[in-house]
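User: Hello! I am new to this structure and would like to learn how to read it, feature by feature. Could you walk me through it?

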Amino acid sequence: MTVILENNKLRIHYFLCEIVHHCNLNCKSCDHCAPIAKPEFEDLNIFIKDLKRMNQLFDRIDSFAIMGGEPLLHKDINEFLNHSSKILKNTHIQLWTNGILLTKMNEEFWETLSKYNIYLIITKYGVDLDIEKINFLCKKYKINYGFSENSNIKEKLFCKSTYNINGEIEINDMHKQCYQGLYCHTLEKGILYRCPLIPAARHLNEYFGTNLKITKKDGINIHKIKGFFKSTKKKNIINYFSELVPFCKYCDIEHREYDIKWDISKKDISEWT
């Protein structure tokens, strides 16, 4: 678990926010369900409000990642980067991208990354990227950057996180060790979730007509945490992350598939079930 309480100091090691829910690549079995997500861009004002609240609640935030979908599709990407760095001053900020639009980004984008020392993470999918030009731009603007997984791999391999759409999974010890629930806490519109699979389920519901239920117990509303005193709020946050949530019954960890070769999504429900 990456949320801990030490000497009454509340610390979160890592959380992410998807500022764009769709993508310009559409990978098969995407954990974020980007291939079937409607074009949707996060509101900058809500984003700022949420980050300020996170900064109030947590005494220490180690890392924060801006993700998608594909975040470079957002017309206000520079503002998201700018405000993230100003609000989370002592936090390691990351920007994750598939890299397709990198060589088309304006100078302000590169200068913002450089000014705030934002770490750029590029994922190598099965598409041709102008790696030479990307390397040139990163070095020109003195950007700290790297490639997900391993810089030597030809392309990323996928993990298929399998949903049981009927919610028939018995929640067990495997769920307690799930890397998504332990390390990929996700903030979306004021709700902090244990993992990205929970908020992403709405895209399945909208596209396929499934009925995966997301309840109030599946996330914690950072603006309505119970407790008058800050110490009580901290304990309630710890309590949320210490327990599994009802949505775990939809996560078929036993049949999760690893090392799947990258491919373009056909938008078939079998990619997620």
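**Reading the structure step by step**

Analyst: Buried means under 20% relative accessible area, exposed over 50%, and partly exposed in between, using a 1.4 Å probe and protein chains only. This is a predicted model, so local features need pLDDT of at least 70 and side-chain atom pairs count only at pLDDT 80 or more, while totals for chains, interfaces and linings use all residues. Residues are numbered from 1 along each chain as its sequence is written, and side-chain values use heavy atoms, leaving out hydrogens and water.

User: Thanks! How do I read a strand, and is strand S3 buried or exposed?

Analyst: Strands (E, at least two residues) and helices (H or I, at least four) are DSSP runs, numbered from the N terminus. In a regular strand the side chains alternate between the two faces of the sheet. Here, seven of the eight residues of S3 (residues 60–67) are buried, so the strand is largely enclosed by the rest of the structure.

User: Which strands pair with S3?

Analyst: Two strands pair if DSSP finds at least two bridges between them. Strand S2 (residues 9–18) runs parallel to S3, with seven bridges joining them. S3 also pairs in the parallel sense with strand S4 (residues 92–97), over four bridges. You can follow isoleucine 66 across: it is the bridge partner of cysteine 17, and its bridge partner in S4 is leucine 95.

User: What do the helices between these strands make?

Analyst: For a crossover, look with the strands pointing away from you: it is right-handed if the path from the first strand over the helix to the second runs clockwise. S2, helix H1 (residues 44–57) and S3 make a right-handed β-α-β unit. Another right-handed β-α-β unit is made by S3, helix H2 (residues 77–87) and S4.

User: What does H2 pack against?

Analyst: Contact means heavy atoms within 4.5 Å. The buried residues of H2 pack against H1, S3, S4 and H3. Eight of the 11 residues of H2 are buried, so this helix is largely enclosed by the rest of the structure. Among them are Ile77, Phe80, Leu81 and Ile87.

User: How many residues does H7 have, and how far does it reach?

Analyst: The expected span of a helix is 1.5 Å times one less than its number of residues. H7 (residues 197–208) has 12 residues and reaches 16 Å from its first C-alpha to its last, close to the 16 Å expected at 1.5 Å a residue. Its buried residues pack against helix H6 (179–183), strand S8 (185–188) and strand S9 (191–193). Just after H7, glycine 209 takes a positive phi of about 75°.

User: Which residue has a positive phi although it is not a glycine?

Analyst: Asparagine 26 is one of these, with a phi of about 65°. Asparagine 26 lies in the loop between S2 and H1, and counts as partly exposed at 23% relative accessibility. Aspartate 259, with a positive phi of about 55°, is placed in strand S11. At 60% relative accessibility, aspartate 259 counts as exposed.
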